[in-house]
Amino acid sequence: MPDAPALFALEASRPLAEAVASRLDVPLGRHEERAFEDGEHKIRPLDDVEGRDVFVLGSLHEDPQMGVDAKLCRLLFFAGALRDAGAARVTAVVPYLCYARKDRRTKPRDPVTTRYVAALFEAVGVDRVIGLDVHNRAAFQNAFRVPTVHLSARPLFVEYLRTRLGDRDAAVLSPDEGGAKRAEELREALEEALGRPVRGGFLEKKRSEGVVSGQAFVGDVEGCVAILLDDLVASGTTLARAARACRTHGAEAVWAAATHGVFVGDADAAIGSEALDQLLITNSVPPEPRLSEAVLAAKVTTVDASPLLADAIRHLHAHL
């Protein structure tokens, strides 16, 4: 196997990166992030990266200290600095990719922001991008001209659900038609893990100018645990709406799983809804402090995504 990869991380993503580094048995690279009084900043590696296979991890979500655009800019500048410092290959590991939801034109003169973000990564010399449950897998892969790796949290969710369902009947549903394929893939994997049938379905959801509508409910959840699957939870209104619909159609319990807990606006109230029993997320986006301690303790379980990221890095590095 080639020499060990070099792994760096933006400071805002350090806890997740440390977990990945531990699984790879490599030290997390040293770097400097320096802010200037006029709002500008610089970021540079402090370790020698010349000729090395370098991975830089940054999850591009907003937090109380830094916005999405600032994190994106820092990750791009860092990737460019690594390239200028002689790195043989630079791979951006982006557990949560910003602007991924705007991946197509739905109205005249709409931007396709996913493609613009991809062009920025390409412009600074990134050789490859690793994403985790990006909103639209095909759009993610098509947006980039450099190779991409799309990871799924499905194995983590299946293992968690398998150990907690016991002998109860289950159904996996998407809260909208767009995620039906994603939900069906989880349903099939869970069915195989449990060794018994798992029901499926989806709900109708239409959104126009922020207004959500649609009433159709496809599937049978009577007397079973309804498991709602989505790629992310933002305000939580879609999830709460779907949970209420499952209750109306006879579900004995409603669980949800979403890779990214972005949590904005009134998410605390939505996740705390009586219709929803529990929510499973990964640590791609830390849930604190955007949800209250009470809701986190009562409803939210976080599974560690570092094994997926470490395995992907290990595989890519071994196949230079």
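This is a predicted model: local features need pLDDT of at least 70, side-chain atom pairs count only at pLDDT 80 or more; totals for chains, interfaces and linings use all residues.
Five strands make it up, in the order 1-4-5-6-7. The sheet is open, and the pairing is parallel. Strands of a sheet pair through backbone hydrogen bonds, either parallel or antiparallel. At the edges sit strand 1 (6–9) and strand 7 (148–151), each of which pairs on one side only. From one strand to the next, the twist averages 20°.

Ala-9 stands opposite Leu-57 of strand 4.

Next comes helix 5, which covers residues 154–165. Its 12 residues reach 16 Å from the first C-alpha to the last, close to the 16 Å expected at 1.5 Å a residue. Which residues of helix 5 are buried? They are Leu-156, Phe-157, Val-158, Tyr-160, Leu-161 and Leu-165. Gly-166 follows the helix, and its phi is positive, near 60°.

Leu-165 leads on to the packing. The largest nonpolar core has 45 residues, and Leu-7, Leu-165 and Leu-190 touch the most other members. Take Leu-7. Setting aside neighbours within four places in sequence, Leu-7 is in contact with Ala-17, Val-20, Ala-21, Leu-24, Val-26, Pro-27, Leu-28 and Gly-29 among others. Phe-55 and Ile-313 are also in contact with Leu-7. A second core is separate and has 31 residues, including Leu-10, Val-54, Ala-79 and Leu-97.

Finish with the cysteines. A disulfide is a covalent bond between the sulfur atoms of two cysteines. How many disulfides does the structure hold? The count is zero. Cys-73 is in no disulfide, and the nearest cysteine sulfur, that of Cys-98, is 11 Å away. Cys-98 is in no disulfide either, with the sulfur of Cys-73 as its nearest, 11 Å away. Cys-98 counts as buried, at 3% relative accessibility.

Key
Residues are numbered from 1 along each chain as its sequence is written. Side-chain values use heavy atoms; hydrogens and water are left out. Helices (H or I, at least four residues) and strands (E, at least two) are DSSP runs, numbered from the N terminus. The expected span of a helix is 1.5 Å times one less than its number of residues. Buried means under 20% relative accessible area, exposed over 50%, partly exposed in between (1.4 Å probe, protein chains only). A disulfide is a pair of cysteine sulfur atoms within 2.5 Å. A nonpolar core is a set of buried Ala, Val, Leu, Ile, Met, Phe, Trp, Tyr and Cys residues joined through side-chain atoms within 4.5 Å. Contact means heavy atoms within 4.5 Å. Two strands pair if DSSP finds at least two bridges between them. Axes are lines fitted to C-alpha atoms, for helices over the stretch in contact, and angles run from 0 to 180 degrees between N-to-C directions.
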